[in-house]
Amino acid sequence: MADVKIYLPDNSEKVFDHEPTVLEVAQSIGDRLAKDTVGAQINDNKEIIDLRTPLAHGTQLKIVTLSQPEGLEVIRHSAAHILAQAVQELWPEIQVTIGPVIANGFFYDFGAKTSFTDEQLELIEKRMQEIVKRAAPIELSVLSKQEAIATFKKLGENYKVEIIEDLDVPEVSIYTQGDWFDLCRGPHVQLTSQVKSLKLLSHAGAYWRGDENKDQLQRIYGTAFSNKKELKEHLRLLEEAKKRDHRKLGKELGLFYLNPLSPGGPFFTPKGTVIYNQLQNYMREKYVEFDYQEVITPQIYDVDLYHQSGHYGNYKENMYFTKIDDRDFSVKPMNCPGHCVLYHMEHKSYRDLPYRIADFGRLHRYERSGVMHGLTRVRSFCQDDAHIFCTTDQMQTEIESFMKLLNEVYSTLGMTDYHIYFSTRPKKRMGSEENWDRAEAALENALKHMGLDFEINEGDGAFYGPKLDIMFVDALKRPWQLGTLQCDFNMPDAFNLNYTGSDNTDHRPVMLHRAILGSLERFIGVYLEHTAGRLPLWLSPVQVKILNLTDAQIPYCEELYQQLKAIGLRVELDQRSEKLGYKIREAQTQRVSYLLVVGEKEMESNTVSIRLKNGKTKLAVARSEFFEKIEKEQESRSLDESWVVE
RNA sequence: GCUCAUGUGGCUCAGGGGUAGAGCACACCCUUGGUAAGGGUGAGGUCGCGAGUUCAAUUCUCGCCAUGAGCUCCA
C-alpha cells in the first residue's frame, strides 16, 4: 500500500503504511496525547468522529482530547452508555432505547414499566461510579444488519430492533464495554474510567420517538464533565438558576401571582405593574424616536376576520371563541389581522409608507394545559408588537432600523449577549420566488451592511416569509428567544392591501411583524432571572426606602420622602419602631435600589447614609448630592450605581 | 393533551382514619435600638373541589381542577 499521509493542525504530516485510526496517529505523536484522545475532527468538519475511525490519505486531522470543550460531547455520550449499563445491571428486564448528548449533558430513555424514583437514581449513580472504576475498555465492532437484528431480538431489546430495522445501512456499529454492549454510532472514549465527573440530575417521562401515541418511556437526565471543577461549576449554575427562578422571585418580591381561576393569566401587583409600565413607557419613547405610531385596536372580533387571515384554519386550537346572539366571536390571539383592517380603512399612497403601527393590545392564546410556565408561557399577555407596511424597496432600511432599535433597547437593559438567526425559505411556502429573493436579500444585506454576525437556519422560515430571530443569552448562559422580525407576503394578500404608487397604479405592500422584548410577561420573567431580581433603578418598583433610627428623625424623614416623591421617584418610608437591622434586612431582600438610613448624625449634618442593593454603604452624603445623582441615574436609565461607593 | 409527582392558614412546610401544627408574614403591647431577623400577646384554616368506602375522611379509593418536572406543541 502506498504511503498514507495525515496532516496535523500545525501543517506537519505523519506518514503511515496503512490507513491509521485516530488513536494510532495520536500514539505516533506521544503517549500522553494518546491516553487523552477521545475523538477527532477532520477536514475542518465540526462533527466529532470516533477515535477508532481509520483515516484516509490526505486527511486534515485535529485530535480532540478529554480536556477540550469538544471532548465533552464524547464524554457525555459514553456517560449515557454507562448509565444504560448501570440500569440494566440493576434491572435486567428494563429495555434500552436511545441516549443522546444534549446541550448541557445527556439523557437515556428506557423501556420500563414504572417510573424511576429519586432513590433509584442514587442507586444508579453509584453503580455508574463502579462501572467507571472498572476502567473497562470500550471496543468497537461491526455487525451486519441481520446479525444485529438477531442479536438484539434474542435479548428482547425490541426498541433497538426497531431502530436497526429503520436504518438504511448494510452494517451497524456496536460498542462493547465489559460484558455490556449497545448499538451506537459513537463516538466514545477509550475506557469507562475516562468519564470521571458525572451526575444524574432528574427523571421524567418521554415518548418513544417523541410521539405521544407511542410507548411511554422513562428518561433519566444527567451530565458529565472532564473534571470535578467544571461539574461543580455547572451544578452551581443549576442551583443559582433555581434561586433565580422568576416564579420564586415574583412571590418573594411581591410582583405577580397566578391563580387557578385564570390558569396562565398572571395577576400583576402594584409593584409588578411598575416594571410592566416602565418597560412600556420606555418602548413608547423609543417608538417616538424611531417614527412608529401607536394604535389601539379591538379585543374581540367577528370570527370572519380569522377566516380571512387564515388563522381560523391554522391556529384555531389556540384561540378563544364565544357565541353571542348567534354570532361567533374570537378574542384576538395576535394584532396583525386587526392592523390589516386598520390599514385598509384609510386609502394609502406610497407617501404614507412605511406605515409603522405599534400596539400593546392584550392577546389571549389558549395554550395546552401542560405547557404553561410562570410568566414565560402564559395565556394572557401583551407584546411590544408593531407592524410595518412598506414597499419591497424599503425593506432593508426598515430592517436596519429595527436592528438598531433592538440593539439600543438591549444595551440599555444590559443584555449584551445575543445572537441573530436568519431563517430562509422553507419547502412549503407561499408567495412568488421573486418576493422571497427580495425579502431574503433585504434581510441578509441589512445584517451585512450593519456588520452584524448572524447564523443561517436554512429552510426554517415561516411559510409566509423569511425571518430573523434574536436569541438572548442570559447571565446563566441560557438562551431565550425574545425579539423577532418576520417578513409576510401572505397577510397583505389575504386582506387585499394596496397603496397607490407614484405611477398612479395599485401596489401590494410587504408587512413586517416585529417585536423586541417579545411578550412583556415573558420578558419580565426572563429579565428577573437574568438580573436575579436586582433591577436597574428605572425599573425598580421601590427605588428609595428611607429608614429612620428612632422616632426623633421622623419629621426629617418625611420631608425627605416628600422631596424624593416630588422629583418623581418611587419612595417608601419605613418608620416602624423596629431595629435598624430588621428594617435593612427586609428592604434588602426586597431589592430596594437605595436605602437611606437616617439617624441623629444625618439629621444634624443634613445628610443621608446610603446603602446599596449589594450591601455596600456610604455614610453622610449631602442630600443635594444624592438627589442630583439619583435623578441623573433615573433619567439616563443607567445600569451603573457604583458612584456611591468608591 | 400525555406520563409521573404534588396540593394543609398570605408564604415555606410538618403531621396524620377520631373535625389540625411550626416558622415567617399580619395585628396589638413592651422596646428608641447605627447597617441582614429584640421580646411578649393575639388573630387567622370546613387540610384544592366532588363523589365513594367507613360508626367516623383532611388522612384511604376514584374523578375533576390547579401546580411542578418532562414529553409533545409553539402562526
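**Helices and domains of a predicted model**

Lys145, Ala148, Ile149, Phe152 and Lys153 in helix H5 meet Lys160, Val161, Ile164 and Glu165 in helix H6, contact being heavy atoms within 4.5 Å. This is a predicted model, in which local features need pLDDT of at least 70, side-chain atom pairs count only at pLDDT 80 or more, and totals for chains, interfaces and linings use all residues. Residues are numbered from 1 along each chain as its sequence is written, chains are lettered from A, and side-chain values use heavy atoms, with hydrogens and water left out.

Helices here are DSSP runs (H or I, at least four residues) numbered from the N terminus. H5 covers residues 145-154 and H6 residues 158-166; their axes come within 8 Å and cross at roughly 165°. That angle makes H5 roughly antiparallel to H6 (over 145 degrees between N-to-C directions). The crossing of H5 past H6 is left-handed, a term used if the near helix is turned anticlockwise from the far one by less than a right angle.

The domain assignment, automatic or from a database, divides chain A into domain 1 (4-65), domain 2 (71-243), domain 3 (285-531) and domain 4 (537-636). Between the C-alpha centres of domain 3 and domain 4 there are 43 Å.

Helix H16 takes in residues 520-531. Its twelve residues should span 16 Å at 1.5 Å a residue, which agrees with end C-alpha atoms 16 Å apart, because the expected span is 1.5 Å times one less than the number of residues. Eleven of the twelve residues of H16 are buried (under 20% relative accessible area, 1.4 Å probe, protein chains only), among them Phe523, Tyr527 and His530. After H16 comes Ala532, with a positive phi near 55°.

Terms used: Helices (H or I, at least four residues) and strands (E, at least two) are DSSP runs, numbered from the N terminus. Buried means under 20% relative accessible area, exposed over 50%, partly exposed in between (1.4 Å probe, protein chains only). Axes are lines fitted to C-alpha atoms, for helices over the stretch in contact, and angles run from 0 to 180 degrees between N-to-C directions. Angles under 35 degrees count as roughly parallel, over 145 as roughly antiparallel, 65 to 115 as roughly perpendicular and the rest as oblique.
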